[in-house]
There are 2 protein chains.
Amino acid sequence: MNGADALCDTLLAGGVDVCFANPGTSEMHFVAALDRKPQMRCVLGLFEGVVTGAADGYARMADKPAATLLHTGPGLANGLANIHNAKRGNTPMINVVGDHATYHLAYDAPLTTDIESLARPMSHWVKSAPTADAVSAVAAEAIAEARTPPGRIATLILPADAAWNETRAPLSNVPPPAARPAVSQEAIRDAARKIRAGGATTLMLSGAALREKPLAVAGRIAAATGVRLLSQQSNARLEHGAGRTPIARVPYPVDQAIAMLADVQRMILVGAKAPVGFFAYPGKPSAMTPADCEITRLAEPGDDLLGCLEALADELGISRTTQAPVAQLQRPELPTGRLTPDAIATAVAALMPDNAIVCDESVTSGRQLFRFIGAAAPHDYIQLTGGAIGSGLPMAAGAAIACPDRKVLSLQADGSAMYTLQALWTMAREDLDVLTIIFSNRSYAILRGELRQVGAGEPGRNAQRMLDLDNPALDWTALAKGSGVEAARATDCETLVAHMKAALSRRGPFLIEAAI
Amino acid sequence: MNGADALCDTLLAGGVDVCFANPGTSEMHFVAALDRKPQMRCVLGLFEGVVTGAADGYARMADKPAATLLHTGPGLANGLANIHNAKRGNTPMINVVGDHATYHLAYDAPLTTDIESLARPMSHWVKSAPTADAVSAVAAEAIAEARTPPGRIATLILPADAAWNETRAPLSNVPPPAARPAVSQEAIRDAARKIRAGGATTLMLSGAALREKPLAVAGRIAAATGVRLLSQQSNARLEHGAGRTPIARVPYPVDQAIAMLADVQRMILVGAKAPVGFFAYPGKPSAMTPADCEITRLAEPGDDLLGCLEALADELGISRTTQAPVAQLQRPELPTGRLTPDAIATAVAALMPDNAIVCDESVTSGRQLFRFIGAAAPHDYIQLTGGAIGSGLPMAAGAAIACPDRKVLSLQADGSAMYTLQALWTMAREDLDVLTIIFSNRSYAILRGELRQVGAGEPGRNAQRMLDLDNPALDWTALAKGSGVEAARATDCETLVAHMKAALSRRGPFLIEAAI
């Protein structure tokens with residue numbers, strides 16, 4: 001076998017059987033190896049941002065890493081923004097970046113680049129497999145790294161000659177996924193003491209604490225002690241809707257975040273970070289909590305968060321049979337008349353299929369969406385985690401590949417959708433069950449608000465041309481059809497609802513341009 | 001004034017009056033400053049690869065740098081592939097990358113990234129302007145760096161507080177563009193000696209040596225001495241067509257390149273690099289010249305290449321009034337019948353308007369294009385220089401902004417076009433005079449050849465799905481219309497010619513999908 005075969009075999013031995021790819025010449029032996037490994041599902045993206053964003057969405061829903069296949073430094077660069085989002089969401093991911101043959105680097109051919117310098121800021125681990133003999137061991141290490149809780153970005157550089165040379169080196173064993181370490185009993189006792197001491201305490205959750213089971217434990221703690229539950233503004237995955245413990249998120253606008261947290265005296269972090277401003281604004285603080293708020297890091301994102309919450313409930317003497325309130329299913333009336341962001345959120349809440357995956361990159365238009373769907377049919381809520389827009393459509397595609405039996409609702413701002421619209425083609429190619437709704441406001445609406453927030457005033461003519469996406473307006477039904485995805489446009493609620501019902505009643509990709 | 005004003009004023013003082021932009025929150029003060037600087041033309045791209053690719057195309061044709069405005073690390077990352085192409089083409093460029101306010105970095109907000117590590121591999125110079133007072137001096141340095149011959153990539157990191165804080169620091173003087181250093185008389189004499197010694201000698205040109213005037217001098221040298229003229233496989237800009245000195249390019253396929261150079265005994269480099277394989281292939285050499293070929297670096301890309309060639313001609317005793325052969329205008333017969341890559345190239349040669357700019361990212365389909373248009377109406381030929389596909393459409397947009405009175409012919413492979421198709425919207429928004437022809441072969445055709453070249457054989461089912469862009473086929477007329485660009489499809493030569501004639505008879509963007 002050659003190095004490329006060794007890589008495929010090692011990935012498969014580690015349970016990594018989906019590879020999102022945009023290959024080039026230096027990856028041709030890996031591509032050829034795919035023909036000998038039918039177990040490896042290889043999904044083509046027509047741009048690397050699609051590849052890495054899909055790997056992020058896949059891993060969030062599959063709870064295991066996918067591989068990506070990227071072509072030299074520029075191919076990696078194209079995928080970095082969504083690797084950044086994945087890293088911020090603690091997503092496990094294995095990036096295979098093909099490079100020139102080792103001996104060819106000295107010739108400085110046009111695509112020669114410092115791949116490591118590019119990879120480092122968005123990776124937890126970067127390593128080259130310099131020879132075919134080394135490939136399996138380095139790949140096994142990459143898998144172990146990626147699987148280290150809560151999830152890490154491992155970037156493996158694969159020179160072309162390491163892929164094409166023959167190797168007789170035995171395949172390396174892939175260690176089983178590492179267990180999440182338990183939080184110390186001392187830390188649990190300390191947190192319990194603080195909760196018992198009274199005062200306005202917030203239990204701040206993120207990561208694995210936002211699955212149904214740990215959330216329910218947190219709900220019991222809240223019901224018994226009066227602490228408030230809160231989650232980060234951005235979370236990789238949250239089990240949400242009817243039957244689940246309700247939890248609010250820290251709002252994006254700093255004034256609202258500061259107001260929400262104004263009287264918090266104590267914050268206990270369970271897999272979460274203390275809330276900070278997404279951006280800095282002149283004269284406003286960077287930390288969203290009051291200066292005298294006591295912040296306790298109870299559990300790191302990679303810790304056993306369910307165990308931690310259970311131990312905390314036990315320490316607080318809360319019976320395991322206590323019932324905490326969960327959201328009761330409420331389907332709102334279907335909206336009528338003028339199409340607004342809230343009307344779209346209402347329609348989503350009303351028509352939400354059971355066990356859907358809601359992929360939210362609706363940005364400004366969808367700021368209320370999360371609240372609107374709190375009592376909708378149960379669903380997973382996945383969202384942009386690193387602030388690099390252009391994650392939504394690829395993430396929806398990846399989630400659909402991880403969960404072929406679940407409907408994916410991709411709720412998408414138009415400006416952000418344009419970054420990686422090539423994902424629509426992958427949805428069509430793979431026949432993914434994704435309903436995309438484009439919130440078409442024809443502007444970078446977030447920036448209009450931000451211009452005011454940073455004290456730069458109202459936009460004039462030159463500035464306006466940087467914030468508006470009109471003149472010409474994008475036609476999303478044409479863009480979708482050009483990519484092989486059926487699409488329709490709605491300018492009122494009745495049409496939106498009709499299109500949604502039709503799309504939800506059958507499988508496969510569909511796009512609705514909701515003109516708001 | 002604030003730091004953003006100081007930046008704008010310094011750029012304008014340095015003659016940088018076009019800014020390609022995709023701003024975010026941290027750049028809002030720069031955007032607000034634009035309202036106070038109507039002289040700065042700000043062009044929005046809906047993805048950063050469009051922004052940087054357009055800046056590349058602009059600078060190649062304007063012979064001066066544009067600025068780009070990018071949002072934090074991920075925004076820069078999205079633009080890196082085309083910055084890489086620009087760097088390989090020695091294009092001057094000034095990237096302004098907004099970052100968090102300096103004091104906000106410690107809070108590790110979601111978009112916090114190591115911008116310098118990302119920028120370094122694709123930049124000649126990276127520097128942060130840490131305070132408003134420092135902005136003008138750092139910007140002046142960036143301009144001087146970018147203008148250093150032959151052209152450099154300068155990346156300036158602008159923290160939000162450096163942009164929004166007030167400054168009373170005087171604006172820094174921007175030094176005039178540096179002159180290109182002369183090649184030493186000794187080097188000229190040495191080269192002349194080698195040419196006089198006889199034997200198969202190739203004068204290898206690139207960069208500024210490929211403009212009409214230096215090419216004509218090189219043509220005189222070739223006519224008088226029998227040396228062969230050759231240019232790199234990839235060049236930033238080449239003045240080509242009728243009335244210009246004909247020059248061949250080193251072919252992309254290594255077997256052809258090696259065959260073309262098989263009997264070269266001596267190669268003299270004038271602003272060029274010695275030819276190497278674009279990629280390595282098992283059992284094939286990295287250098288395209290024979291092992292015993294003597295290679296002389298006569299002039300670096302930043303040297304005075306016209307002066308060098310004139311001095312060389314003088315040293316060789318060639319009269320300045322000697323006439324060297326130039327290409328004579330030949331308009332081929334219009335093609336008919338079945339649409340093939342060569343038929344498209346023939347139509348382009350036949351219908352080429354005077355003084356057009358041909359922007360070539362036709363990749364595999366257009367490999368013969370350059371040869372076909374050697375006797376077409378005079379034009380500038382600009383092409384992908386760094387191998388990172390997705391440069392064509394943005395480059396065409398930038399070239400059209402630099403030269404509003406010239407028709408741009410954007411000849412574009414479909415797979416590459418998908419990388420940065422957002423450029424179509426910028427063409428519509430700015431009403432750019434670009435005719436795009438998509439060579440629609442619905443595959444990464446280059447990779448089919450490369451799979452064989454690297455010895456990986458014929459693609460099976462899994463591999464084929466990585467090389468084909470069909471199922472579904474992209475509909476480029478729909479993608480263009482969705483972006484606001486009028487478009488039509490051609491499946492035979494007669495229709496192609498009719499659409500081309502119509503598009504060439506009027507101004508503004510148009511796209512033809514040529515199904516081959």
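Strand 13 of chain A, residues 356–361, has 6 of its 6 residues buried, so the strand is largely enclosed by the rest of the structure. A residue is called buried if 20 or more other C-beta atoms lie within 10 Å of its own, exposed if 12 or fewer, and partly exposed in between, with C-beta atoms placed from the backbone. Helices (H or I, at least four residues) and strands (E, at least two) are DSSP runs, numbered from the N terminus. This is a predicted model, in which local features need pLDDT of at least 70 and side-chain atom pairs count only at pLDDT 80 or more, while totals for chains, interfaces and linings use all residues. Residues are numbered from 1 along each chain as its sequence is written, and chains are lettered from A and ligands numbered from 1 in the order in which they are written.

Let me stay with strand 13 of chain A. Ala356(A), Val358(A) and Asp360(A) point one way from the strand, Ile357(A), Cys359(A) and Glu361(A) point the other way, and all are buried. What does this strand pair with? Strand 13 is joined in parallel to strand 14 of chain A, residues 379–383, by 5 bridges, and in the parallel sense to strand 15 of chain A, residues 408–413, over 5 bridges. Two strands pair if DSSP finds at least two bridges between them. On the strand 14 side, Ile357(A) has Asp380(A) as its bridge partner; on the strand 15 side, Cys359(A) stands opposite Ser410(A).

Strands 9 and 14 of chain B pair in the antiparallel sense over 3 bridges, and His240(B) has His379(B) as its bridge partner in strand 14. Two residues are in contact if their C-beta atoms, placed from the backbone, lie within 7 Å.

Next, the nonpolar core. Such a core is a set of buried Ala, Val, Leu, Ile, Met, Phe, Trp, Tyr and Cys residues joined through C-beta atoms within 7 Å. The largest one has 390 residues, and those touching the most other members are Val270, Val348 and Ala399 of chain A and Val270, Val348 and Ala399 of chain B. Which residues does Ala399(A) touch? Leaving aside residues up to four places away in sequence, its contacts include Ile357(A) and Cys359(A), as well as Ile382(A) and Val408(A).

I now come to the two chains together. Chain A can be laid on chain B with an RMSD of 0.0 Å by a turn of 180 degrees and a shift of 0.0 Å along the axis. The two copies are thus related as by a two-fold rotation axis. The superposition is by least squares on the C-alpha atoms of residues with pLDDT of at least 70 in both copies. The same surface serves both copies, as 100% of the contact residues of chain A recur in chain B. How many residues does each chain bring to the contact? Chain A gives 81 residues and chain B gives 81 residues. On the side of chain A, helix 4 (residues 72–88) supplies the largest share, 8 residues.

Finally, some backbone details. Most residues other than glycine have a negative phi, and most peptide bonds are trans. Thr72(B) is not a glycine, yet has a positive phi of about 50 degrees. Thr72(B) is found in helix 4 of chain B and counts as buried, with 29 C-beta neighbours inside 10 Å. Asn471(B) likewise has a positive phi, near 55 degrees, but counts as exposed, with 11 C-beta neighbours inside 10 Å. In chain A, the peptide bond from Asn471(A) to Pro472(A) is cis, with omega near 0 degrees. Pro472(A) is found in the loop between helix 18 (461–467) and helix 19 (476–482) of chain A.
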